[in-house]
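Please open the structure in your viewer and keep the selection panel at hand.

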Amino acid sequence: MTPLIETRGLTAGYGQFQALFGVDLSLEEGQTVAIIGSNGAGKTTFLRALTGLLRPDREQVLYRGKAIGGLAPEKIVRLGVAMVPEGRRLFPSLSVEENLLIGGLSRRKGPWSVERVYEMFPILREKRKVPGTSLSGGQQQMVAIGRALMSNPELLLCDELSLGLAPVVIKDIYAALPRITGEGCSVIVVEQDITQALAAAQTVYCFREGQVSLTGSPAELSREAISAAYFGM
Amino acid sequence: MSRARTIRIGLGLAAVAVLLSLPLWGGRANMRLVIEICCYLTLAQMWNLLAGYAGIVSVGQQAWVGLGGYLMVSSALFLHINPLLAIPLAGLASALVAIPVGFLVFRLRGPYFAIGTWVVAEVFRLGFAQVSPLGGGSGLSLPATVVRDMAPNAATREGLIYYSAAGLAVGAVVLVYILLRRPIGLAFTAIRDSEEASSSLGVDTYRLKFVVWVLAAFGTALAGGILFLQKLRISPDAAFSVQDWTAFVIFIVVIGGLGAIEGPIVGVALFFTLRSLLSNYGSWYLILLGLLATVVMLAAPKGLWGLVHGRTGWELFPLRRKLIR
Amino acid sequence: MGAINTLVQGVLLGGLYALFATGLSLTFGIMRLVNLAHGDFIVLAAFLALAAGQALGLPPITALAVVIPAMAGLGYALQRGLLNRTLGNDMLRPLLVTFGLSVIVQNLLLEGFSADSQKLQGGAWETASIGLGGGLFVGVYPLIVFALAVLVIGGLQLLFYRTELGRVFRATSDDRETVGLMGANNNHINAMAMAIAMGVVGLAGVLFAIRTNFDPAGGGSRLLFAFEAVIIGGLGNLWGTLAGGVVLGVAQAIGGAINPGWQILAGHIAFLIVLLVRPQGLFPRVAH
């Protein structure tokens, strides 16, 4: 079966600085993949390369077998790849509801709507008129997830969902993941917080210094193997 | 390294020798042309210092050309100062004026700063047009008595103006070179690369930019004083012309090479060559110049000199610091 | 009564300046682009209306139907073909490219129409005025221009806060990269913003050309008036820009009443005073 998304020898970087050195990753439809690794391992760069914010070579990223590396971000969204960016990046000038609406710009049809997002995160309905950035960190993360879902993605990329959030809030956010995958959406989560990521994923990739240092299913991998791959010890 | 250095020193000496000896063999028309070239080279070095090094984009440098010119004329006319001496005085006075003006326009951020400097130049233009002792809107010619104060005969006068202009141009180049070779030059490079980063590293960007702003006003006003002493006639529209004193200068720097001392030199050479070739085409010449600058800005942001330097590694004014001596 | 008449004239003149300023404010707000050729495009619109009048026999107001779409189309093409390439971290590029553009437009107009001063003839209503009693008169035409300015700004506010395009504009102003991740084509959005800005420039240029004489060299002053209205009003607030235009218009009217040579100078000085005492402008946008 053709994977939903696959990277072959993906390289990427910023100007003179190369951050990824040949990453091979593949994800079957319906799967959740976790990418773990320390700060600077290349996790965010990897997601930016998938979404077109960085421009890798065409053949380095395959979506349903089709080469899409380096397409413009708006074209990749229309194919069904949505991103919850690191730090949420809500639009300060827009209300919560407007932030959600703008997520639907790509006009893809599917199960998600503003109404469905409110059902999943009822607190957002109460706050729909206020500026997105006036919410608490956890609520902002809900808006960011909802905004990405508004494009009815087939693949959702989540960058550091837990960043800066209290453990109890992180639990709430991750509790939403099964509902998202339940709608047939595949997910890649990038995390420094290993516990949540391992619990949610069927396959885990550990990144170190821009390369995959370990891969496997969370059940098969020992704590020791993971920390060796994570810290390079 | 020693061979390149010999070539550089040789070129420098040759240029100075040509400049020094030109009045002996060049003829008056060429002298006048070289005066103008020297003034434009100064204006271009000053604008390059602002934009290419300190990241300050001004489209109002005509304010200082005009102010330098008017102050030179006024001190010669009303204070009976020898016009040649009046030029440095006009430069200093303009630098003083640039301080309060700087406080005002530095409140504008980024691109709006550029337009703010233009407003200041317009205020000067409209203001001088209201001063009737200076001829109001139609301006005035320097009276013959004032001109004779400078030197009794025309040849001596022209020689004096010529050497002032040549000295100014050489001085401007040397000044920028020395500035950039000193530690302060590193701070400039830091500002140009990233203002936020250099602020966080403790470089006082505001103060540095302010100093450059005042210094550029000084050099620009000196050029203005010489330009209008040569013309012997000044009017608000000519003195504060955005096209003559800013547009041309920007084109020279952008086409020649922004952020390199060699850039304005290459740009001035090209500008005067094109002008003599295309002098019959009027506005089409300006359209061509505008197009050329736009294309260079998009395709080769470091200008013609940047292309040459990139291909050959040549540099006339080596600044690159070596980590190990 | 003379003083009040002067004041009223100044206020109404402010409407025209607000129209000058709207496009500048829009493109800076949405994509941080300051177009130094803005004033030259106002003059270009005036000449377009003149040419339409000569070639097709259109009266100025009807010519608007040609000039506004033409300017909007030019704006879209210019942004898509040229100006998008200048956007980025380096503010020098857009400034210098639009400065080059300014010289090009100005000299093309000079070649096409000569340096002669021109004027559009609006008709008899152009000079009509309404007496408000007590010796107070208000020109019909300045009143129309002011009303149009209010309409345009009100319309743009509706666009910004009630439509999807407006939402995308506001989001682009916040974070253009993330808007791309949402499925918007940044190049197209920028070009739409420039098209709208230049459409307003088209309207402003024609209204200006009915009011006063114009010539190819007049772009610089128009840019400065627009800029001053934006800064006096406060960045990012179109109603503030209208207020800024009014302040500028009143200052010019007062200066002109004292001495005709001081009209423009008084406007610039009012701007510098605002910059001195309230650099954020009269009505800056409240940050969230």
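This is a predicted model: local features need pLDDT of at least 70, side-chain atom pairs count only at pLDDT 80 or more; totals for chains, interfaces and linings use all residues.

Residues are numbered from 1 along each chain as its sequence is written, while chains are lettered from A and ligands numbered from 1 in the order in which they are written.

**Stop 1: chain C**

Select chain C, which has eleven helices and two strands. Helices (H or I, at least four residues) and strands (E, at least two) are DSSP runs, numbered from the N terminus. Along the sequence, their order is α-α-α-α-β-β-α-α-α-α-α-α-α. The radius of gyration of chain C is 19 Å, close to the 19 Å that the globule rule gives for 288 residues, so chain C is as compact as a globular protein of that length. Here the radius is taken over C-alpha atoms, and the rule is 2.2 Å times the number of residues to the power 0.38. The C-alpha trace of chain C spans about 60 × 45 × 35 Å along its principal axes. Of the 288 residues in chain C, 56% are buried. A residue is buried if 20 or more other C-beta atoms lie within 10 Å of its own, exposed if 12 or fewer, and partly exposed in between, with C-beta atoms placed from the backbone.

**Stop 2: where chain A meets chain C**

Now show chains A and C together: 23 residues from chain A and 16 residues from chain C form the contact. Two residues are in contact if their C-beta atoms, placed from the backbone, lie within 7 Å. On the side of chain A that touches chain C, α2 (73–79) and α3 (96–103) each supply at least two residues.

**Stop 3: paired strands of chain A**

Select β3 (residues 32–36) and β9 (residues 203–208) of chain A, which run parallel and are joined by four bridges. Strands pair if DSSP finds at least two bridges between them. A:Ala34 has A:Val204 in β9(A) as its bridge partner.

**Stop 4: two glutamates**

Which residue of the hairpin of β9(A) and β10(A) takes a positive phi? Select A:Glu209, where phi is near 50°. With 14 C-beta neighbours inside 10 Å, A:Glu209 counts as partly exposed. Finally, select A:Glu160, in the loop between β7 (155–159) and α7 (167–175) of chain A. Phi of A:Glu160 is positive, near 55°, and with 21 C-beta neighbours inside 10 Å this residue counts as buried.
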